[in-house]
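I hope they are handy while you have the structure open.

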Amino acid sequence: MPEVVTAKAGFVAITGLPNVGKSSLLNFLAGGKLSIISTKPQTTRQNITAIVEDGAAQGVFVDTPGFLNPEYGLQRTMVRNVRQACDDDSDIILFVTEPRPPLPEELKLAELVARCDRPVYLAVNKTDTASNKSAAESAVEGLKPHLKIAGTFFVSAKTGAGLKNLRRTLLDALPPHPHYFPDGQWTDRWERFYAAEFIREQIFHLFSEEIPYSCAVEIEEFHERRNGPDHIRAVIHVERDTQKGIIVGKGGKMIKQLRENSTPEIEKFLGRPVRLELFVKHTPDWRNRKDTLELFEYL
């Protein structure tokens with residue numbers, strides 16, 4: 001008799017402190033760019049889902065915002081997203097850290113993860129930056145007393161070291177279950193969400209200090225066209241009126257650069273040409289207001 005292949009499916013929450021490389025790991029697992037990346041912490045604000053299929057297994061990998069001590073409304077929603085992904089929505093948790101002893105905030109996150117009672121796999125990322133093997137092992141030794149670790153991986157999202165083995169192990173560990181999503185589906189977000197994310201990514205690349213953290217991107221219009229490029233109209237909301245001038249730049253130089261940098265990223269994701277319009281609007285204290293957090297889909 002032919003072998004009966006049992007479907008496997010489950011949710012894997014990827015968690016860790018800001019800037020440990022969670023988004024880069026998600027993009028590798030997804031086989032393409034779904035989560036935006038910058039060298040600045042707190043780039044990821046919402047849970048980003050990548051649906052990965054391999055044989056009978058379907059892994060739903062969820063990149064969560066970096067765990068932090070929240071200071072304003074938006075950050076509180078980010079922490080809530082982490083808790084929900086780990087506690088309510090996951091079958092497996094992938095805890096990502098760096099090759100160093102755990103930081104105090106990491107131990108707080110470890111306490112949260114331990115309470116979730118899910119299998120926990122530990123990925124020590126950025127091993128290409130470690131001065132020696134003991135530096136990476138210090139992360140494991142520091143977290144062992146706080147987590148029941150099902151498996152440990154020393155990886156590098158930059159070089160790709162150890163990532164294929166990590167991906168295979170996580171998919172093998174999924175529980176028997178029918179697939180949650182139709183075969184071939186890559187993510188659960190709409191195209192307009194990713195258009196906003198790629199614009200926001202370029203804001204992180206082009207601007208410094210508080211500007212990236214004070215900006216939200218709203219897609220006001222998204223029109224697909226058969227006989228020409230898609231038309232996207234996006235509004236960049238800033239908290240202070242003086243920030244409008246910084247985004248626009250002298251003679252419109254900076255907003256032009258932002259449009260030129262964002263357009264090819266959106267086109268690459270969509271697989272078709274785009275005409276992008278950008279505008280800037282002063283929306284005071286949007287990070288602390290329930291109405292604006294709901295409007296920008298952070299709540």
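1. Phe193 is buried, at a relative accessible area of 9%, where buried means under 20% relative accessible area, exposed over 50%, and partly exposed in between (1.4 Å probe, protein chains only). Tyr194 is buried too, with 1%. Phe193 and Tyr194 form an edge-to-face aromatic pair, 5.1 Å centre to centre and with 85° between the planes. The rule behind this is that rings of Phe, Tyr and Trp (its six-membered ring) pair if their centres lie within 6.5 Å; planes under 30 degrees apart count as stacked, over 60 as edge-to-face and the rest as tilted. One aromatic cluster takes in Trp186, Phe193, Tyr194, Phe198 and Phe269.

2. A word on where the values come from: this is a predicted model, in which local features need pLDDT of at least 70 and side-chain atom pairs count only at pLDDT 80 or more, while totals for chains, interfaces and linings use all residues. Residues are numbered from 1 along each chain as its sequence is written, and side-chain values use heavy atoms, with hydrogens and water left out.

3. By the ring rule, the count comes to ten aromatic pairs. Tyr121 and Phe153 form a tilted one, 6.5 Å centre to centre with 40° between the planes. This pair links distant parts of the chain, as Tyr121 sits in strand β5 and Phe153 in strand β6, 32 residues apart. Tyr121 is buried at a relative accessible area of 11%, and Phe153 is buried at 9%. Helices (H or I, at least four residues) and strands (E, at least two) are DSSP runs, numbered from the N terminus.

4. In what order do the strands of the open six-stranded sheet come? The order is β2-β3-β1-β4-β5-β6, with mixed pairing; two strands pair if DSSP finds at least two bridges between them. At the edges are β2 (48-54) and β6 (149-154), each pairing on one side only. The twist averages 20° from one strand to the next. Strand β5 (residues 120-124) runs parallel to β6, and five bridges join them. Leu122 has Thr152 in β6 as its bridge partner.

5. Now the helices that meet this sheet. Helix α4 (residues 133-143) packs on the sheet and touches β4, β5 and β6, its direction making about 150° with that of β5. Helix α2 (residues 73-87) lies across β1 (8-16), β3 (57-63) and β4 (92-97), running at about 145° to β1. Contact means heavy atoms within 4.5 Å; axes are lines fitted to C-alpha atoms, for helices over the stretch in contact, and angles run from 0 to 180 degrees between N-to-C directions.

6. Helix α1 (residues 22-30) is mostly covered, with seven of its nine residues buried. Among the buried ones are Lys22, Ser23 and Asn27. The cover over the buried residues of α1 includes β1, β2, β3, β4 and α5 (163-172). Gly31 follows α1 and has a positive phi, near 80°.

7. The largest nonpolar core has 86 residues, and those with the most contacts inside it are Phe61, Leu94, Phe95, Ile199, Ile203, Ile219 and Ile266. Such a core is a set of buried Ala, Val, Leu, Ile, Met, Phe, Trp, Tyr and Cys residues joined through side-chain atoms within 4.5 Å. Helix α6 gives the largest share of this core, eight residues. Not counting residues up to four places away in sequence, Phe61 touches residues including Val12, Ile14, Leu26, Leu29 and Leu170.

8. Strands β7 and β8 form a hairpin with six residues between them; they run antiparallel and are joined by seven bridges. Glu221 stands opposite Arg233 in β8. Strand β8 (residues 230-238) is mostly covered, eight of its nine residues being buried. With strand β9 (residues 274-282), β8 pairs in the parallel sense over nine bridges, and Asp230 has Val274 in β9 as its bridge partner.

9. Finally, Ser214 is found in the loop between α6 (191-206) and β7 (216-223). Is Ser214 buried or exposed? Ser214 is buried, with a relative accessible area of 0%. Its side chain makes a polar contact with the side chain of Gln243 (3.4 Å). A polar contact is a pair of N or O atoms within 3.5 Å; within protein, one must be able to donate a hydrogen and the other to accept it, and residues adjacent in sequence count only if both atoms are side-chain atoms. Leaving aside neighbours within four places in sequence, Ser214 is in contact with residues including His237, Trp286 and Arg287.
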